[in-house]
Amino acid sequence: MKLHKQTKLTAQLAIVGEEKPQKQTFANVIENPDGPAIMALGEVMASFDPENTSVASMIETVEFEHTN
């Protein structure tokens, strides 16, 4: 049996002057989040420093548990 275990979202934020994106992970989000809502979360994170930060990408990580 395949059971949903956990969904995580990771915001990758591009910072002006930095080569690597800054990452912020949110654990235990709802199962099957809506795509536009995922991007809206990234935009909220970028809005804390709108002149220097933009959303590079959002990563959704889903874990399943397989049992007999």
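The entries below go from the chain as a whole to single residues.

Ground rules. I am working from a predicted model, in which local features need pLDDT of at least 70 and side-chain atom pairs count only at pLDDT 80 or more, while totals for chains, interfaces and linings use all residues. I number residues from 1 along each chain as its sequence is written, and side-chain values use heavy atoms, with hydrogens and water left out.

Fold. I looked up the secondary structure and found one helix and three strands in the protein chain, with helices (H or I, at least four residues) and strands (E, at least two) taken as DSSP runs numbered from the N terminus. Read from the N terminus, the order is β-β-α-β. The chain is more spread out than a compact globule, because its radius of gyration is 14 Å, well over the 11 Å that the globule rule gives for 68 residues; the radius is taken over C-alpha atoms, and the rule is 2.2 Å times the number of residues to the power 0.38. I also noted that the C-alpha atoms fill a box of roughly 50 × 20 × 15 Å along the principal axes.

Of the contacts with a separation of 6 or more, 59% are between residues 24 or more positions apart, contact meaning heavy atoms within 4.5 Å.

Threonine 10. This residue lies in strand β1 (residues 2-15) and is buried, at a relative accessible area of 12%. Beyond its neighbours within four places in sequence, threonine 10 is in contact with Lys23, Gln24, Thr25, Ser57, Met58 and Ile59. Its side chain also makes a polar contact of 3.3 Å with that of threonine 25 (a pair of N or O atoms within 3.5 Å; within protein, one must be able to donate a hydrogen and the other to accept it, and residues adjacent in sequence count only if both atoms are side-chain atoms).

Glutamine 6. I found glutamine 6 in strand β1 as well, and it counts as buried at 18% relative accessibility. Leaving out residues up to four places away in sequence, glutamine 6 touches Ala27, Asn28, Thr61, Val62 and Glu63.

Glutamate 43. I placed glutamate 43 in helix α1 (residues 35-46), where it is partly exposed, with a relative accessible area of 48%. Glutamate 43 and serine 54 are eleven residues apart in sequence, and I noted 7.5 Å between their C-alpha atoms.

Terms used: Buried means under 20% relative accessible area, exposed over 50%, partly exposed in between (1.4 Å probe, protein chains only).
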